[in-house]
Amino acid sequence: MTQYIAAIDQGTTGTRCILFDHSGRPTIWAYEEHAQIYPQPGWVEHNPLEIWEKTQKVIRQTLTRGNIPSGAIAAVGITNQRETTLVWDRRTGQPLYNAIVWQDTRTKGICDVLAQDGGQDRFRAVTGLPLATYFAGPKVKWMLDNVPAVRAAADKGDALFGTIDTWVIWWLTGGPHGGAHVTDVTNASRTLLMDLKTLDWDADILRTLDIPRSMLPDIRPSSAPRPYGFTRKEGPFGESLAVTGNLGDQQAALVGQTCFTPGEAKNTYGTGCFMLLNTGTEIVPSTSGLLTTLGYKFGDAPAVYALEGSIAITGALVQWLRDNLGFFDRAPQIEELARQVEDAGGMYIVPAFSGLFAPYWRSDARGVMVGLTRYITKNHICRAALEATAYQTRDVLEAMEKDSGVALTSLKVDGGMVANELLMQFQADILGVPVVRPTVTETTALGAAYAAGLAVGFWEDLAALRQNWGVDKTFEPGMAADKRAALYAGWQKAVQRTLDWVEA
(Lines give C-alpha, C1' and ligand atoms only; values in the text may rest on other atoms or scores of the structure.)
Protein backbone atom coordinates (compact mmCIF):
# COMPACT_ATOMS: atom_id res chain seq x y z
CA MET A 1 0.00 0.00 0.00
CA THR A 2 1.35 3.42 -0.94
CA GLN A 3 2.05 5.61 2.07
CA TYR A 4 4.19 8.50 0.82
CA ILE A 5 4.87 11.06 -1.85
CA ALA A 6 8.58 11.75 -2.42
CA ALA A 7 9.62 15.36 -2.96
CA ILE A 8 13.04 16.40 -4.23
CA ASP A 9 13.78 20.01 -3.29
CA GLN A 10 16.86 21.15 -5.23
CA GLY A 11 17.73 24.58 -3.83
CA THR A 12 20.43 27.18 -4.28
CA THR A 13 22.66 25.88 -1.51
CA GLY A 14 21.64 22.24 -1.20
CA THR A 15 19.25 19.39 -1.99
CA ARG A 16 16.61 17.68 0.15
CA CYS A 17 14.57 14.56 -0.32
CA ILE A 18 11.49 14.42 1.92
CA LEU A 19 8.76 11.79 2.18
CA PHE A 20 5.35 13.26 3.03
CA ASP A 21 2.46 11.25 4.41
CA HIS A 22 -1.23 11.78 3.66
CA SER A 23 -1.56 14.48 6.33
CA GLY A 24 1.14 16.52 4.58
CA ARG A 25 3.69 15.89 7.35
CA PRO A 26 7.37 15.37 6.52
CA THR A 27 8.26 11.94 7.90
CA ILE A 28 11.77 11.10 6.68
CA TRP A 29 14.32 13.31 4.97
CA ALA A 30 17.95 13.89 4.10
CA TYR A 31 19.91 16.99 3.06
CA GLU A 32 23.25 17.70 1.39
CA GLU A 33 24.87 21.05 0.54
CA HIS A 34 26.73 21.65 -2.72
CA ALA A 35 29.55 24.05 -3.54
CA GLN A 36 29.06 27.68 -4.55
CA ILE A 37 31.53 28.71 -7.27
CA TYR A 38 32.54 32.37 -7.70
CA PRO A 39 34.86 32.65 -10.75
CA GLN A 40 34.92 36.46 -10.53
CA PRO A 41 32.92 39.28 -8.91
CA GLY A 42 29.23 39.03 -9.81
CA TRP A 43 29.54 35.50 -11.23
CA VAL A 44 27.91 32.55 -9.41
CA GLU A 45 28.03 28.98 -10.70
CA HIS A 46 27.15 25.42 -9.63
CA ASN A 47 28.55 22.10 -10.80
CA PRO A 48 25.57 20.25 -12.35
CA LEU A 49 27.18 16.84 -11.86
CA GLU A 50 27.65 17.57 -8.16
CA ILE A 51 23.97 18.53 -7.92
CA TRP A 52 22.92 15.25 -9.56
CA GLU A 53 25.32 13.30 -7.30
CA LYS A 54 23.89 14.97 -4.17
CA THR A 55 20.33 14.39 -5.42
CA GLN A 56 20.98 10.67 -5.72
CA LYS A 57 22.65 10.63 -2.31
CA VAL A 58 19.74 12.24 -0.44
CA ILE A 59 17.23 9.96 -2.13
CA ARG A 60 19.18 6.87 -1.06
CA GLN A 61 19.73 8.22 2.47
CA THR A 62 16.00 8.90 2.88
CA LEU A 63 14.97 5.44 1.73
CA THR A 64 17.60 3.82 3.96
CA ARG A 65 16.73 5.86 7.07
CA GLY A 66 13.07 5.01 6.75
CA ASN A 67 13.62 1.42 5.60
CA ILE A 68 11.10 2.19 2.87
CA PRO A 69 9.84 -0.93 1.06
CA SER A 70 9.12 -1.10 -2.64
CA GLY A 71 5.64 0.15 -3.43
CA ALA A 72 5.39 2.56 -0.49
CA ILE A 73 5.91 5.68 -2.64
CA ALA A 74 3.01 6.72 -4.86
CA ALA A 75 4.79 9.34 -7.01
CA VAL A 76 7.67 11.79 -7.15
CA GLY A 77 7.56 15.60 -7.25
CA ILE A 78 10.36 18.03 -8.03
CA THR A 79 10.95 21.61 -6.96
CA ASN A 80 14.01 23.68 -7.76
CA GLN A 81 15.96 26.92 -7.73
CA ARG A 82 14.25 28.43 -10.73
CA GLU A 83 16.32 30.56 -13.09
CA THR A 84 19.62 28.69 -12.68
CA THR A 85 20.58 27.65 -16.20
CA LEU A 86 22.58 24.83 -17.74
CA VAL A 87 23.25 23.25 -21.13
CA TRP A 88 24.37 19.66 -21.60
CA ASP A 89 25.04 17.08 -24.33
CA ARG A 90 22.00 14.90 -25.02
CA ARG A 91 24.21 11.94 -26.01
CA THR A 92 26.54 11.86 -23.00
CA GLY A 93 24.78 13.85 -20.30
CA GLN A 94 27.92 15.90 -19.77
CA PRO A 95 27.37 19.58 -18.92
CA LEU A 96 28.93 21.87 -21.52
CA TYR A 97 29.53 24.55 -18.88
CA ASN A 98 28.80 25.02 -15.19
CA ALA A 99 25.24 25.99 -14.29
CA ILE A 100 24.89 29.78 -14.18
CA VAL A 101 23.01 30.60 -10.97
CA TRP A 102 20.02 32.95 -10.78
CA GLN A 103 22.07 35.44 -8.70
CA ASP A 104 24.74 35.76 -11.42
CA THR A 105 25.07 39.22 -13.02
CA ARG A 106 27.34 38.51 -16.01
CA THR A 107 24.49 39.04 -18.51
CA LYS A 108 24.07 42.73 -17.69
CA GLY A 109 25.67 43.71 -21.02
CA ILE A 110 23.31 41.43 -22.95
CA CYS A 111 20.31 42.90 -21.15
CA ASP A 112 21.53 46.47 -21.77
CA VAL A 113 21.91 45.81 -25.50
CA LEU A 114 18.46 44.22 -25.71
CA ALA A 115 16.98 47.20 -23.85
CA GLN A 116 18.28 49.63 -26.48
CA ASP A 117 15.25 48.65 -28.57
CA GLY A 118 12.12 48.94 -26.42
CA GLY A 119 13.65 49.53 -23.00
CA GLN A 120 13.79 47.28 -19.97
CA ASP A 121 10.15 46.24 -20.52
CA ARG A 122 10.75 45.17 -24.13
CA PHE A 123 9.39 41.63 -23.53
CA ARG A 124 7.18 42.31 -20.49
CA ALA A 125 3.85 42.28 -22.38
CA VAL A 126 4.58 38.73 -23.58
CA THR A 127 6.55 37.25 -20.67
CA GLY A 128 5.52 39.36 -17.65
CA LEU A 129 9.20 40.00 -16.93
CA PRO A 130 11.62 42.92 -17.31
CA LEU A 131 15.00 42.53 -18.96
CA ALA A 132 17.23 41.53 -16.03
CA THR A 133 20.22 39.33 -15.29
CA TYR A 134 17.94 37.22 -13.06
CA PHE A 135 16.28 35.24 -15.84
CA ALA A 136 17.42 32.17 -17.76
CA GLY A 137 17.11 33.37 -21.39
CA PRO A 138 20.02 35.86 -21.29
CA LYS A 139 22.12 33.21 -19.50
CA VAL A 140 21.56 30.75 -22.37
CA LYS A 141 22.49 33.44 -24.86
CA TRP A 142 25.69 34.17 -22.90
CA MET A 143 26.66 30.49 -23.10
CA LEU A 144 25.91 30.30 -26.81
CA ASP A 145 27.95 33.45 -27.45
CA ASN A 146 30.88 32.72 -25.12
CA VAL A 147 31.30 28.94 -24.78
CA PRO A 148 32.29 27.38 -28.15
CA ALA A 149 31.26 23.89 -27.03
CA VAL A 150 27.71 25.09 -26.37
CA ARG A 151 27.33 26.74 -29.76
CA ALA A 152 28.87 23.73 -31.55
CA ALA A 153 26.52 21.28 -29.80
CA ALA A 154 23.53 23.54 -30.49
CA ASP A 155 24.41 23.69 -34.19
CA LYS A 156 24.56 19.88 -34.31
CA GLY A 157 21.30 19.51 -32.42
CA ASP A 158 23.02 17.84 -29.46
CA ALA A 159 22.58 20.63 -26.89
CA LEU A 160 19.82 20.48 -24.28
CA PHE A 161 18.90 23.52 -22.19
CA GLY A 162 17.15 23.35 -18.88
CA THR A 163 16.66 24.86 -15.49
CA ILE A 164 17.56 22.49 -12.65
CA ASP A 165 14.16 20.75 -12.64
CA THR A 166 14.73 19.71 -16.24
CA TRP A 167 18.22 18.40 -15.44
CA VAL A 168 17.03 16.33 -12.46
CA ILE A 169 13.96 14.90 -14.25
CA TRP A 170 16.06 14.04 -17.32
CA TRP A 171 18.49 12.00 -15.21
CA LEU A 172 15.78 10.41 -13.01
CA THR A 173 13.92 9.16 -16.08
CA GLY A 174 16.92 7.75 -17.96
CA GLY A 175 19.33 10.52 -18.92
CA PRO A 176 21.01 9.67 -22.26
CA HIS A 177 18.85 6.53 -22.40
CA GLY A 178 15.47 8.10 -23.09
CA GLY A 179 15.28 10.66 -20.29
CA ALA A 180 12.32 13.06 -20.46
CA HIS A 181 13.38 16.58 -21.54
CA VAL A 182 10.58 18.58 -19.88
CA THR A 183 9.85 21.55 -17.68
CA ASP A 184 6.63 22.92 -16.22
CA VAL A 185 4.84 26.20 -16.83
CA THR A 186 6.18 27.83 -13.65
CA ASN A 187 9.83 27.23 -14.47
CA ALA A 188 9.31 28.10 -18.14
CA SER A 189 7.76 31.41 -17.06
CA ARG A 190 11.11 32.37 -15.47
CA THR A 191 13.17 32.08 -18.66
CA LEU A 192 12.05 35.33 -20.39
CA LEU A 193 11.24 33.03 -23.32
CA MET A 194 7.65 31.85 -22.66
CA ASP A 195 4.42 33.54 -23.70
CA LEU A 196 2.18 33.85 -20.62
CA LYS A 197 -0.99 33.44 -22.69
CA THR A 198 -0.05 30.48 -24.93
CA LEU A 199 2.19 28.76 -22.35
CA ASP A 200 4.62 28.04 -25.19
CA TRP A 201 8.04 29.31 -26.21
CA ASP A 202 7.83 32.62 -28.07
CA ALA A 203 9.36 32.33 -31.55
CA ASP A 204 10.13 36.06 -31.86
CA ILE A 205 12.07 36.20 -28.59
CA LEU A 206 13.97 33.02 -29.46
CA ARG A 207 14.92 34.61 -32.78
CA THR A 208 16.02 37.84 -31.09
CA LEU A 209 18.21 35.98 -28.59
CA ASP A 210 19.44 33.51 -31.26
CA ILE A 211 18.43 30.48 -29.19
CA PRO A 212 17.55 27.33 -31.21
CA ARG A 213 14.15 25.94 -30.23
CA SER A 214 15.62 22.41 -30.51
CA MET A 215 17.49 23.05 -27.22
CA LEU A 216 14.33 23.76 -25.24
CA PRO A 217 12.33 21.28 -23.15
CA ASP A 218 8.64 20.54 -23.61
CA ILE A 219 6.44 22.68 -21.34
CA ARG A 220 4.05 20.59 -19.24
CA PRO A 221 1.54 21.19 -16.39
CA SER A 222 2.87 21.46 -12.83
CA SER A 223 0.75 18.46 -11.83
CA ALA A 224 0.75 15.86 -14.59
CA PRO A 225 -1.75 12.97 -14.61
CA ARG A 226 0.17 11.89 -17.71
CA PRO A 227 3.58 11.47 -16.04
CA TYR A 228 6.66 13.29 -17.32
CA GLY A 229 8.37 9.90 -17.15
CA PHE A 230 9.28 7.06 -14.79
CA THR A 231 12.31 6.57 -12.58
CA ARG A 232 14.72 3.82 -13.62
CA LYS A 233 15.01 0.70 -11.48
CA GLU A 234 18.79 1.06 -11.56
CA GLY A 235 18.44 4.66 -10.35
CA PRO A 236 18.45 5.99 -6.77
CA PHE A 237 14.83 5.02 -6.04
CA GLY A 238 15.49 1.42 -7.09
CA GLU A 239 12.06 1.05 -8.70
CA SER A 240 9.86 2.53 -11.41
CA LEU A 241 7.96 5.51 -9.99
CA ALA A 242 5.86 8.08 -11.83
CA VAL A 243 7.33 11.59 -11.82
CA THR A 244 4.16 13.71 -11.82
CA GLY A 245 4.90 16.99 -10.01
CA ASN A 246 7.16 19.89 -10.95
CA LEU A 247 7.09 23.47 -9.65
CA GLY A 248 9.65 26.23 -9.32
CA ASP A 249 10.47 26.61 -5.65
CA GLN A 250 8.49 29.77 -4.95
CA GLN A 251 5.39 28.54 -6.77
CA ALA A 252 5.76 25.26 -4.88
CA ALA A 253 5.63 27.24 -1.63
CA LEU A 254 2.46 29.00 -2.85
CA VAL A 255 0.90 25.53 -3.34
CA GLY A 256 2.34 24.22 -0.06
CA GLN A 257 0.75 27.18 1.77
CA THR A 258 -2.55 26.32 -0.01
CA CYS A 259 -2.89 29.83 -1.45
CA PHE A 260 -5.47 28.66 -3.98
CA THR A 261 -7.82 31.67 -3.77
CA PRO A 262 -7.12 34.94 -5.62
CA GLY A 263 -5.78 37.48 -3.12
CA GLU A 264 -3.95 34.94 -0.94
CA ALA A 265 -0.21 35.54 -0.57
CA LYS A 266 2.86 33.92 0.97
CA ASN A 267 6.47 34.96 1.58
CA THR A 268 9.32 32.44 1.53
CA TYR A 269 12.54 33.23 3.41
CA GLY A 270 15.50 31.33 2.01
CA THR A 271 18.68 32.27 0.16
CA GLY A 272 16.55 35.05 -1.26
CA CYS A 273 13.04 36.12 -0.32
CA PHE A 274 10.01 35.71 -2.57
CA MET A 275 6.46 36.95 -2.09
CA LEU A 276 3.72 35.61 -4.35
CA LEU A 277 0.10 36.77 -4.62
CA ASN A 278 -2.44 34.52 -6.33
CA THR A 279 -4.29 36.49 -9.05
CA GLY A 280 -6.39 33.55 -10.30
CA THR A 281 -6.76 32.93 -14.02
CA GLU A 282 -6.19 36.63 -14.73
CA ILE A 283 -2.84 37.89 -15.99
CA VAL A 284 -2.23 41.07 -13.95
CA PRO A 285 0.46 43.38 -15.41
CA SER A 286 2.69 45.10 -12.87
CA THR A 287 3.38 48.82 -12.89
CA SER A 288 5.25 48.77 -9.57
CA GLY A 289 8.30 46.63 -10.27
CA LEU A 290 6.82 43.18 -9.66
CA LEU A 291 6.84 40.13 -11.94
CA THR A 292 3.77 38.62 -13.58
CA THR A 293 4.33 34.89 -13.46
CA LEU A 294 2.65 31.48 -13.47
CA GLY A 295 1.39 30.29 -10.11
CA TYR A 296 0.66 26.69 -11.13
CA LYS A 297 -1.25 24.56 -13.62
CA PHE A 298 -2.88 21.35 -12.44
CA GLY A 299 -3.59 18.91 -15.26
CA ASP A 300 -6.11 20.22 -17.80
CA ALA A 301 -7.44 22.94 -15.49
CA PRO A 302 -6.74 26.56 -16.50
CA ALA A 303 -3.41 28.05 -15.51
CA VAL A 304 -3.35 30.15 -12.33
CA TYR A 305 -1.20 33.30 -12.37
CA ALA A 306 0.54 35.31 -9.68
CA LEU A 307 2.32 38.57 -8.95
CA GLU A 308 5.77 38.08 -7.49
CA GLY A 309 8.24 40.24 -5.63
CA SER A 310 11.73 38.71 -5.80
CA ILE A 311 14.53 39.66 -3.38
CA ALA A 312 17.99 38.33 -4.21
CA ILE A 313 19.77 38.28 -0.85
CA THR A 314 18.23 37.47 2.54
CA GLY A 315 19.43 34.18 4.02
CA ALA A 316 22.51 34.54 1.82
CA LEU A 317 23.44 37.62 3.88
CA VAL A 318 23.47 35.44 7.01
CA GLN A 319 25.68 32.94 5.17
CA TRP A 320 28.01 35.79 4.18
CA LEU A 321 28.39 36.86 7.81
CA ARG A 322 29.12 33.23 8.70
CA ASP A 323 31.41 32.19 5.85
CA ASN A 324 33.12 35.42 4.73
CA LEU A 325 33.34 37.33 8.00
CA GLY A 326 33.36 34.45 10.51
CA PHE A 327 30.81 36.06 12.85
CA PHE A 328 29.42 32.67 13.96
CA ASP A 329 29.70 28.96 13.14
CA ARG A 330 26.07 28.10 12.44
CA ALA A 331 23.46 30.32 10.81
CA PRO A 332 20.87 30.04 13.66
CA GLN A 333 23.40 31.63 16.05
CA ILE A 334 22.74 35.03 14.45
CA GLU A 335 19.53 35.35 16.47
CA GLU A 336 21.35 34.93 19.78
CA LEU A 337 23.90 37.60 18.82
CA ALA A 338 21.25 40.00 17.51
CA ARG A 339 19.18 39.70 20.70
CA GLN A 340 22.05 41.10 22.76
CA VAL A 341 21.24 44.62 21.49
CA GLU A 342 17.91 46.46 21.51
CA ASP A 343 18.17 47.71 17.92
CA ALA A 344 20.64 48.06 15.04
CA GLY A 345 22.20 51.17 16.53
CA GLY A 346 21.12 53.41 13.67
CA MET A 347 22.86 51.37 10.98
CA TYR A 348 21.44 49.61 7.92
CA ILE A 349 22.75 46.89 5.61
CA VAL A 350 21.43 46.83 2.04
CA PRO A 351 22.66 43.48 0.62
CA ALA A 352 22.70 44.39 -3.08
CA PHE A 353 25.38 41.76 -3.79
CA SER A 354 23.70 40.89 -7.11
CA GLY A 355 22.13 44.29 -7.68
CA LEU A 356 18.63 45.05 -6.44
CA PHE A 357 15.69 42.91 -7.53
CA ALA A 358 12.04 43.86 -6.92
CA PRO A 359 10.78 46.51 -6.92
CA TYR A 360 13.89 48.40 -8.10
CA TRP A 361 15.50 46.14 -10.76
CA ARG A 362 18.87 47.91 -10.60
CA SER A 363 21.76 45.68 -11.64
CA ASP A 364 24.15 48.64 -11.13
CA ALA A 365 23.56 48.58 -7.34
CA ARG A 366 25.97 46.98 -4.88
CA GLY A 367 25.78 46.29 -1.16
CA VAL A 368 26.36 48.91 1.53
CA MET A 369 26.54 49.31 5.28
CA VAL A 370 25.51 52.83 6.31
CA GLY A 371 25.14 54.70 9.58
CA LEU A 372 28.32 53.19 11.04
CA THR A 373 29.75 54.75 14.22
CA ARG A 374 32.22 53.57 16.88
CA TYR A 375 29.18 52.44 18.86
CA ILE A 376 28.44 49.63 16.38
CA THR A 377 29.38 46.07 17.38
CA LYS A 378 29.15 42.68 15.74
CA ASN A 379 25.78 42.30 17.46
CA HIS A 380 24.38 45.43 15.77
CA ILE A 381 25.58 44.18 12.39
CA CYS A 382 23.84 40.83 12.99
CA ARG A 383 20.62 42.62 13.92
CA ALA A 384 20.85 44.91 10.88
CA ALA A 385 21.31 41.85 8.66
CA LEU A 386 18.05 40.34 9.93
CA GLU A 387 16.23 43.65 9.67
CA ALA A 388 17.37 44.00 6.03
CA THR A 389 15.22 40.98 5.16
CA ALA A 390 12.17 42.59 6.78
CA TYR A 391 12.72 45.97 5.11
CA GLN A 392 13.10 44.38 1.68
CA THR A 393 9.89 42.46 2.26
CA ARG A 394 8.07 45.72 3.04
CA ASP A 395 9.37 47.19 -0.24
CA VAL A 396 7.77 44.27 -2.08
CA LEU A 397 4.54 44.31 -0.07
CA GLU A 398 3.94 48.00 -0.82
CA ALA A 399 4.46 47.34 -4.55
CA MET A 400 2.10 44.37 -4.39
CA GLU A 401 -0.63 46.45 -2.75
CA LYS A 402 -0.28 49.11 -5.47
CA ASP A 403 -0.57 46.56 -8.28
CA SER A 404 -3.37 44.47 -6.81
CA GLY A 405 -5.36 47.22 -5.10
CA VAL A 406 -5.70 44.87 -2.12
CA ALA A 407 -4.30 45.71 1.33
CA LEU A 408 -2.83 42.57 2.85
CA THR A 409 -4.33 41.79 6.27
CA SER A 410 -1.82 39.07 7.21
CA LEU A 411 1.21 37.37 5.69
CA LYS A 412 1.79 33.62 5.52
CA VAL A 413 5.50 32.85 5.83
CA ASP A 414 7.71 29.80 5.30
CA GLY A 415 11.29 28.78 4.62
CA GLY A 416 14.35 28.25 6.76
CA MET A 417 14.54 31.76 8.26
CA VAL A 418 11.06 31.69 9.81
CA ALA A 419 12.46 29.75 12.77
CA ASN A 420 14.16 33.05 13.72
CA GLU A 421 11.56 34.60 16.01
CA LEU A 422 13.39 37.92 16.34
CA LEU A 423 13.15 38.32 12.56
CA MET A 424 9.50 37.26 12.44
CA GLN A 425 8.52 39.73 15.17
CA PHE A 426 10.40 42.58 13.47
CA GLN A 427 8.74 41.60 10.21
CA ALA A 428 5.30 41.97 11.77
CA ASP A 429 6.35 45.25 13.38
CA ILE A 430 7.72 46.88 10.21
CA LEU A 431 4.75 45.71 8.10
CA GLY A 432 2.06 46.50 10.67
CA VAL A 433 0.22 43.24 9.93
CA PRO A 434 0.27 39.80 11.60
CA VAL A 435 2.82 37.28 10.32
CA VAL A 436 1.53 33.68 10.32
CA ARG A 437 3.94 30.73 10.53
CA PRO A 438 2.44 27.34 9.60
CA THR A 439 3.03 24.03 11.36
CA VAL A 440 4.94 22.72 8.31
CA THR A 441 7.52 25.30 7.22
CA GLU A 442 9.10 23.12 4.50
CA THR A 443 6.31 24.26 2.21
CA THR A 444 8.47 24.29 -0.92
CA ALA A 445 8.96 20.53 -0.81
CA LEU A 446 5.35 20.10 0.38
CA GLY A 447 4.05 21.96 -2.69
CA ALA A 448 5.99 19.64 -5.00
CA ALA A 449 4.54 16.67 -3.12
CA TYR A 450 1.02 18.08 -3.43
CA ALA A 451 1.42 18.57 -7.20
CA ALA A 452 2.66 14.99 -7.62
CA GLY A 453 0.05 13.52 -5.28
CA LEU A 454 -2.91 15.28 -6.90
CA ALA A 455 -1.89 13.79 -10.25
CA VAL A 456 -2.13 10.21 -8.98
CA GLY A 457 -5.09 10.63 -6.61
CA PHE A 458 -3.05 10.42 -3.39
CA TRP A 459 -4.93 13.59 -2.43
CA GLU A 460 -8.40 13.95 -3.89
CA ASP A 461 -8.66 17.70 -4.40
CA LEU A 462 -7.59 21.15 -3.19
CA ALA A 463 -9.97 20.98 -0.25
CA ALA A 464 -8.07 17.96 1.08
CA LEU A 465 -4.84 19.96 0.91
CA ARG A 466 -6.38 22.90 2.78
CA GLN A 467 -7.34 20.55 5.63
CA ASN A 468 -3.65 19.76 6.12
CA TRP A 469 -2.65 23.40 6.68
CA GLY A 470 -2.33 24.61 10.28
CA VAL A 471 -0.93 27.57 12.24
CA ASP A 472 2.13 27.14 14.43
CA LYS A 473 2.43 30.76 15.63
CA THR A 474 1.13 34.24 14.76
CA PHE A 475 3.40 37.24 15.34
CA GLU A 476 1.34 40.35 16.08
CA PRO A 477 2.73 43.83 15.31
CA GLY A 478 3.63 45.85 18.41
CA MET A 479 5.64 48.80 17.08
CA ALA A 480 4.31 52.36 17.23
CA ALA A 481 3.40 53.79 13.83
CA ASP A 482 5.77 56.76 14.08
CA LYS A 483 8.74 54.52 14.92
CA ARG A 484 7.83 52.19 12.05
CA ALA A 485 7.73 55.12 9.63
CA ALA A 486 11.07 56.53 10.87
CA LEU A 487 12.89 53.21 10.58
CA TYR A 488 11.54 52.59 7.09
CA ALA A 489 12.47 56.10 5.95
CA GLY A 490 16.04 55.36 7.04
CA TRP A 491 15.98 52.16 5.02
CA GLN A 492 14.81 53.98 1.89
CA LYS A 493 17.64 56.49 2.32
CA ALA A 494 20.12 53.60 2.62
CA VAL A 495 18.82 51.98 -0.58
CA GLN A 496 19.62 55.18 -2.50
CA ARG A 497 23.28 54.83 -1.45
CA THR A 498 23.58 51.53 -3.36
CA LEU A 499 22.65 52.90 -6.78
CA ASP A 500 24.94 53.69 -9.72
CA TRP A 501 27.89 51.84 -8.16
CA VAL A 502 28.66 49.70 -11.23
CA GLU A 503 29.35 51.85 -14.25
CA ALA A 504 28.86 50.63 -17.80
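At what angle do helix α12 and helix α13 pack, and how far apart are their axes? In this predicted model, local features need pLDDT of at least 70 and side-chain atom pairs count only at pLDDT 80 or more, while totals for chains, interfaces and linings use all residues. Residues are numbered from 1 along each chain as its sequence is written, and side-chain values use heavy atoms, with hydrogens and water left out.

Helix α12 (residues 378–404) packs against helix α13 (residues 421–431) at an angle of about 40°, and their axes lie 9 Å apart. Axes here are lines fitted to C-alpha atoms, for helices over the stretch in contact, with angles running from 0 to 180 degrees between N-to-C directions. Helices (H or I, at least four residues) and strands (E, at least two) are DSSP runs, numbered from the N terminus.

On the α12 side, the contact (heavy atoms within 4.5 Å) includes Arg383, Leu386, Glu387 and Tyr391; α13 contributes Leu422, Leu423, Phe426, Gln427, Ile430 and Leu431. By class, nine nonpolar, three polar and three charged residues make up this contact of α12 with α13. Nonpolar covers Ala, Val, Leu, Ile, Met, Phe, Trp, Tyr, Cys and Pro, charged covers Asp, Glu, Lys and Arg, and the others, Gly among them, are polar.

A hairpin joins β1 to β2 through three residues. Isoleucine 8 has cysteine 17 of β2 as its bridge partner, and cysteine 17 is in turn bridged to alanine 30 in β3. Strands β2 and β3 (residues 26–33) are antiparallel over seven bridges; five residues lie between them in a hairpin, and glycine 24 in the turn has a positive phi of about 80°. Strand β2 is mostly covered, with six of its seven residues buried (under 20% relative accessible area, 1.4 Å probe, protein chains only).

Further along, seven strands form an open sheet with mixed pairing, in the order β17-β18-β16-β15-β21-β22-β23. Strands β17 (291–296) and β23 (471–475) stand at the edges with a single partner strand each, so one side of each is left without a neighbour in the sheet.

Terms used. Buried means under 20% relative accessible area, exposed over 50%, partly exposed in between (1.4 Å probe, protein chains only). Two strands pair if DSSP finds at least two bridges between them.
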